[in-house]
Structure formats: structure tokens, C-alpha cells
Amino acid sequence: MLPQVEQIAARVRELRAILDIDPDKIAANIDVPREVYDDYENGVTDIPVGKLYLIANELGVDPTVLLLGDEPRMVDYTIVRGGNGLAVERYAGYKFTSLAYNYIDREMEPMIVTLDPTDSIPDLVTHEGQEFNLVLEGTVAVKLGEREYVLRAGDSIYFNPSIPHGQRAIGKVSKFLTVINENMKRK
């Protein structure tokens, strides 16, 4: 497991323990079996981004606290210079860079995702809200339910992310901008 994944798991575990929240309650509220939640907290399984946001909501913190270990600080605006976003390698071949991690109470999560090419179907995820993907470089296959759409640089897709979905690069390393809008408000 990547060190960053282990650090995120440790933050979740520690904050849940400090707040004295029953792990059964969090597992039920984020709609995963307790065993899966335990794997998240122990760093055995990487926490999908959508589930990470739900866990942050359950813990009453901004997702940045779990990702970075620090609170966002900006209220009216935030600027992220090229190459300076919050980079997280989710697993080998998939990393994202958060572009608004330092903005308090954000309602959207813009990220640049970098994918290594693969022929394998990506793990499919679901989450609330809406999602937008714009391919910046290369070719990205977006699996959305039973269909797969091939997008090239300049192509975009806007979709309901409650439909199981995942992305993979075709042929070479590819990048896309994703903007996710889901209920990220704290309790």
C-alpha cells in the first residue's frame, strides 16, 4: 500500500477514535459493510474518493483534513499555481491533484487526474452529486454503467455519478480535469 494511503487511513482511524464514533455507525452511513470500513481504516484497501468525502462528512471535517492532515484556510478565493495542487496517488497508475483543497466550504472538487494506460476495466465507483470530465491529454475511456465512451483531448462528459463509473487511459499516459459536485457540507 502507498504511504499516502496509509496516512489517510491513519487520520480517519485517529479522528474517529478521538470523536468516539462507533465504526459500525460510519460503515452504515457510508453504505459499506463493516469489514470494508475496517479495511479502509487499516490501510488494507484504498478509500474511494466518494467514500472519503462521506467519511469526512461523518467526522465533521473538510476532506482536506483527511487527505492532507491540515484544514483549508481560504474563504473568498484560492489560487493554485501550475503543478502545486495537492497530489494524491490513489494506487499505481492513478493519481489526482486537488485544485481547490485550500478553499473553506467548497461545493465542488476540481481535480486533475493522471492515468497510466491499461487494458483492464477500471474499478467502478459511485457517489452523490454530479461529475464533469474534460480530457486534457491523451485518450480516456469512461466506463459508465454498461457503456464505455472513448474521449480524446478536448472531449468532455457530464454525468450522474450514482451510475457505477471509472476511467482508464488508452495507449499513453492521459490527463483529464474532473469537477465533482456532491454534498460535501459539514454536519
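From the N terminus on, the elements of the protein chain run α-α-α-α-α-β-β-β-β-β-β-β-β-β, that is, five helices and nine strands. Helices (H or I, at least four residues) and strands (E, at least two) are DSSP runs, numbered from the N terminus. This is a predicted model, where local features need pLDDT of at least 70, side-chain atom pairs count only at pLDDT 80 or more, and totals for chains, interfaces and linings use all residues. Residues are numbered from 1 along each chain as its sequence is written, and side-chain values use heavy atoms, with hydrogens and water left out.

Now helix α1, residues 3-19. Val5, Ile8, Ala9, Val12, Leu15 and Arg16 are buried there, meaning under 20% relative accessible area, with exposed over 50% and partly exposed in between (1.4 Å probe, protein chains only). Seen down the axis of α1, the buried residues fall within an arc of 135°, so they line one face of the helix; the arc is that of the directions from the helix axis to the C-beta atoms. On the other side of α1, Pro3, Glu14 and Ile18 are exposed. After α1 comes Asp20, with a positive phi near 55°.

Next, the core. The largest nonpolar core has 39 residues; such a core is a set of buried Ala, Val, Leu, Ile, Met, Phe, Trp, Tyr and Cys residues joined through side-chain atoms within 4.5 Å. Helix α4, residues 49-59, gives the most to this core, with six residues. Leaving aside neighbours within four places in sequence, Leu59 is in contact (heavy atoms within 4.5 Å) with Val12, Leu15, Arg16, Leu19, Ile21, Ile26 and Leu66.

Note on methods
Expected span 1.5 Å × (residues − 1).
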